[in-house]
Amino acid sequence: MRLNEGLELIGRGAFSGCPKLKYVVIPSTVTSIGSGAFECEALYCNVERRPLGWKRDFASINTKVYWKGDWEYKNGIPIPINS
């Protein structure tokens, strides 16, 4: 799933308990993410590192987080570089 550019806030627990969610692409416009917002296989972030407005525990411990420069699109799907 790709979140829309322009999105600024993702609330606490917004995508927790979504076991079928494989990945989420977070746009660079997101300035705030609440605790436990994501529980999925992978997050692909369009920022180089966690912004101050993103809680440290924005993703579950089992969610792999990739930052800008660590992933790319192939056939419209985000994948880690060097995979």
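The side chain of T63 comes within 2.8 Å of the backbone oxygen of C40. T63 also makes a polar contact, side chain to side chain, with S60 at 2.8 Å. A polar contact is a pair of N or O atoms within 3.5 Å; within protein, one must be able to donate a hydrogen and the other to accept it, and residues adjacent in sequence count only if both atoms are side-chain atoms.

This is a predicted model, in which local features need pLDDT of at least 70, side-chain atom pairs count only at pLDDT 80 or more, and totals for chains, interfaces and linings use all residues. Residues are numbered from 1 along each chain as its sequence is written, and side-chain values use heavy atoms, with hydrogens and water left out.

Buried means under 20% relative accessible area, exposed over 50%, partly exposed in between (1.4 Å probe, protein chains only). Strands are DSSP runs (E, at least two), numbered from the N terminus.

N75 is not a glycine, yet has a positive phi of about 55°.

Now the core. A nonpolar core is a set of buried Ala, Val, Leu, Ile, Met, Phe, Trp, Tyr and Cys residues joined through side-chain atoms within 4.5 Å. The largest has 18 residues; I26, I33, F38, L43 and W54 touch the most other members. β2 (23-26) and β4 each give two or more residues to this core. Another core, of five residues, lies apart from it and includes V25, A42, Y44 and Y66.

Methods. Helix = DSSP H or I, 4+ residues; strand = E, 2+ residues; numbered from the N terminus.
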